[in-house]
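This report describes a single protein chain for a reader working from its sequence and coordinates. The chain is shown below, and the sections that follow treat its parts in turn.

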Amino acid sequence: MPWTWRSPTTSTDPCPACGARDATCGGSPLTEDPLHVVLPGTHPLGGRPVLNLAGLADEPWVLGCLKTEGYLRCYAEQAGFSPDVRGSTTDYFFARSLVAAGVGVSLIPTVALTPALPGVRAVPLDAPTPARHIGAAVLRRPARPEVTTLIEALRQHAEATAPPGHRPQPAARADPPRP
């Protein structure tokens, strides 16, 4: 099952599939899903091709989910500010609706930018670009051809169906042997 497999600051987080912090499971990367700043359609920065997060330091923010909050706070700290959060939800579509209503701006993954919503504009961020890393959790066992085949099929599907802005991950061994 696809899952977000690491945070923007560390790769030692517990396995998202089972919570293990040891070598019982691992991940096989599939794609990256860059986050965009979603602005009200009339926002003065909405016409720019790319934005710098530091340039949004004085904006009120709307959170689309807890994981996105982690990305926002991490990257905002790197940009030298603490976001002024005015609203929070667990639904990206509703977060975009709050942006359209003028509550604030939001950080939304590319995959959650459809369907289109009138009254908002999504603008990519320049480096360092926040991105969700999507992969598949696998148990570390001796090589299993069916797991390798499934992971490769998921990777090919991710590449074939990736919307603009997604970065497919290079092939990696899906089922590393136990040490």
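Ala-76 is buried, with a relative accessible area of 0%; buried denotes under 20% relative accessible area, exposed over 50%, and partly exposed the range in between, computed with a 1.4 Å probe on protein chains only. The model is predicted: local features require pLDDT of at least 70 and side-chain atom pairs count only at pLDDT 80 or more, while totals for chains, interfaces and linings use all residues. Residues are numbered from 1 along each chain as its sequence is written, and side-chain values use heavy atoms, with hydrogens and water left out.

Ala-76 belongs to helix 1. Helices (H or I, at least four residues) and strands (E, at least two) are DSSP runs, numbered from the N terminus. Leaving aside residues up to four places away in sequence, Ala-76 touches Leu-53, Phe-81 and Pro-83, where contact means heavy atoms within 4.5 Å. The C-alpha atoms of Ala-76 and Ala-57 are 7.7 Å apart, at 19 residues of separation in sequence. Helix 1 covers residues 66-78, 13 residues in total, and reaches 19 Å from its first C-alpha to its last, close to the 18 Å expected at 1.5 Å a residue; the expected span is 1.5 Å times one less than the number of residues. Its buried residues are Thr-68, Tyr-71, Leu-72, Cys-74, Tyr-75 and Ala-76. After helix 1 comes Gly-80, which has a positive phi near 90°.

## Overall architecture and confidence

The chain contains three helices and eight strands, arranged along the sequence as β-β-β-α-β-α-β-β-β-α-β. Of its 179 residues, 44% are buried. Among contacts with a separation of 6 or more, 76% join residues 24 or more positions apart.

The average pLDDT of the chain is 80, and 77% of the residues score at least 70; pLDDT is the predictor's confidence in each residue, from 0 to 100. For residues 1-11 the pLDDT is below 50, and this stretch has 32 contacts in the model beyond near neighbours in sequence. For residues 171-179 the pLDDT is likewise below 50, with 25 contacts beyond near neighbours in sequence. Where pLDDT is low, the predicted coordinates should not be read in detail.

## Helix 2

Helix 2 (residues 92-100) has the buried residues Tyr-92, Ala-95, Arg-96, Leu-98 and Val-99. Viewed down the helix axis, these residues fall within an arc of 155°, so they line one face of helix 2; the arc is that of the directions from the helix axis to the C-beta atoms. They pack against strand 2 (25-40), strand 3 (60-63), helix 1, strand 5 (105-109), strand 6 (120-124) and strand 7 (131-139).

At the start of helix 2, a side-chain oxygen of Asp-91 comes to within 3.0 Å of the backbone nitrogen of Phe-93. Just after the helix, Gly-102 has a positive phi of about 90°.

Helix 3 (residues 145-161) has 17 residues, which should span 24 Å at 1.5 Å a residue, and its end C-alpha atoms are 24 Å apart, in agreement. Val-147, Ile-151, Arg-155 and Ala-158 are buried in this helix. Seen down the axis of helix 3, the buried residues fall within an arc of 70°, so they line one face. An α-helix has 3.6 residues a turn, so residues three or four places apart point the same way. The face of helix 3 turned away from the buried side carries the exposed residues Pro-145, Glu-146, Thr-149, His-157 and Ala-160.

The cover over the buried residues of helix 3 includes strand 2 and strand 7. Leu-139 lies in strand 7 and is partly exposed, with a relative accessible area of 38%. The C-alpha atoms of Leu-139 and Gly-26 are separated by 6.3 Å, although the two residues are 113 apart along the chain.

## Cysteines and cis peptide bonds

The structure holds zero disulfides, a disulfide being a pair of cysteine sulfur atoms within 2.5 Å. Cys-65 is buried at 18% relative accessible area, and Cys-74 counts as buried at 14% relative accessibility.

The peptide bond from Thr-114 to Pro-115 is cis, with omega near 0°; Pro-115 sits in the loop between strand 5 and strand 6. The bond from Ala-127 to Pro-128 is also cis, with omega near -5°, and Pro-128 sits in the loop between strand 6 and strand 7.

How values were computed
A polar contact is a pair of N or O atoms within 3.5 Å; within protein, one must be able to donate a hydrogen and the other to accept it, and residues adjacent in sequence count only if both atoms are side-chain atoms.
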